[in-house]
Amino acid sequence: MKTIIYYFSATGNSLTVARDLAAGLDNAPVIPIAKVLSNPDATAYERVGIIFPVYMFGMPLLVAEFLRMVKIKPGTYVFCVTTSGGLKGRALSLAREILKKRGIELVNGFSVLMPGNYAPLYGAFSSGRQEKMFAREKIKVQEILAALNRKKSACCLMEEAPFLLNLLLYKLIYKYGAAQIPLSDKGFWAQGTCDGCGLCAKVCPVRNIRMEQERPVWLKHCQHCMGCLQWCPQEAIQYKNLTLGKKRYRHPGISAAEIAGQGEV
Ligand SMILES: Cc1cc2nc3c(=O)[nH]c(=O)nc-3n(C[C@H](O)[C@H](O)[C@H](O)COP(=O)(O)O)c2cc1C
Ligand code: SF4
Ligand code: SF4
């Protein structure tokens, strides 16, 4: 079955899952959502996978936009895989609802536990905990591949936390918080240790950073992905005072250049 994999990833977790899945699907093309947002067209494919992180119990705004736009031909096998730090939220249900409004069925929804990257709340997990998660991710990807290769089931397999807990957190945090996300970059600032290397601007998947006099300036159309903060080699980027002294996280198998590649058009 001709398959395409789309992904969004700030620190490499979702990109890793996307690549591992693609390797088991006849090396399906792995396409960054940020790169194709102007006209996403998957009509040449019979199976479409969309891989992205859970944000605030929901999904990145850019992924929601993609789901509202992507051209998919009738009868296509569509599946989503979320990566999350443990609280899976309603991202899969939300994806199903968005697609359903367009007459597209989300056939399967999976969730992979990965190290959390939300630096304002916590620093990088310990390396031992990360290693265990990475090992588990490889197993989980094989389970997903096996499920994909089984005959399509009548009911959608949605891997989410208990319904009521999810609904409550989603309504409290994502539903009302999502509108604030583009302007949330007013909380970012660069410390004096910034050496003007410009990597933060390169890794930003939506070009929300401009370098001015060798310092980053945030442009108010942020996804709040934490990519700039996590990849800064000097650890100079902070979010308010919430990230001072917190250990940064990047998936060790993914490079800054690979993350930067997803924003280049
Ligand atoms: C803005 C933001 C919100 C997040 N919200 C959640 C959440 O609600 N639940 C959760 O388990 N992890 C949450 N995370 C953690 C990410 O979902 C997780 O680390 C993900 O695997 C990161 O994927 P990436 O490396 O592909 O960017 C959040 C991260 C960010 C940046
Ligand atoms: S990545 Fe860090 S050091 Fe480089 S320009 Fe950005 S803030 Fe400065
Ligand atoms: S400015 Fe930083 S947090 Fe905002 S989208 Fe770009 S990389 Fe992500």
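The space that ligand 2 takes up is the largest cavity in this predicted model; a cavity is a set of points, on a 1 Å grid over the protein atoms alone, where a 1.4 Å probe fits but cannot get out. Around ligand 2 there are 13 residues, with Cys-194, Cys-197, Gly-198, Cys-200 and Cys-232 the closest (a residue is near a molecule if one of its heavy atoms lies within 4 Å of it). Ligand 3, for its part, sits in the second largest cavity, where sitting means that more than half of a molecule's atoms lie within 2 Å of the grid points.

Ligand 1 has 25 residues around it, the nearest being Ser-9, Thr-11, Val-54, Thr-83 and Leu-87. What does the backbone do here? A backbone N or O atom of Phe-57 lies 2.8 Å from an oxygen atom of ligand 1, and one of Met-56 lies 2.9 Å from a nitrogen atom of the ligand. Gly-12 also takes part, with a backbone N or O atom 3.2 Å from an oxygen atom of ligand 1. Each of these pairs counts as a polar contact (N or O atoms within 3.5 Å).

As for conventions, residues are numbered from 1 along each chain as its sequence is written, while chains are lettered from A and ligands numbered from 1 in the order written. Local features need pLDDT of at least 70 and side-chain atom pairs count only at pLDDT 80 or more, whereas totals for chains, interfaces and linings use all residues, and side-chain values use heavy atoms, leaving out hydrogens and water.

Definitions and conventions
1 Å grid on protein atoms, 1.4 Å probe; cavity = no way out; pocket = protein on both sides within 12 Å on 5 of 7 lines; lining within 4 Å. Polar contact = N/O pair within 3.5 Å; in protein donor to acceptor, adjacent residues only side chain to side chain.
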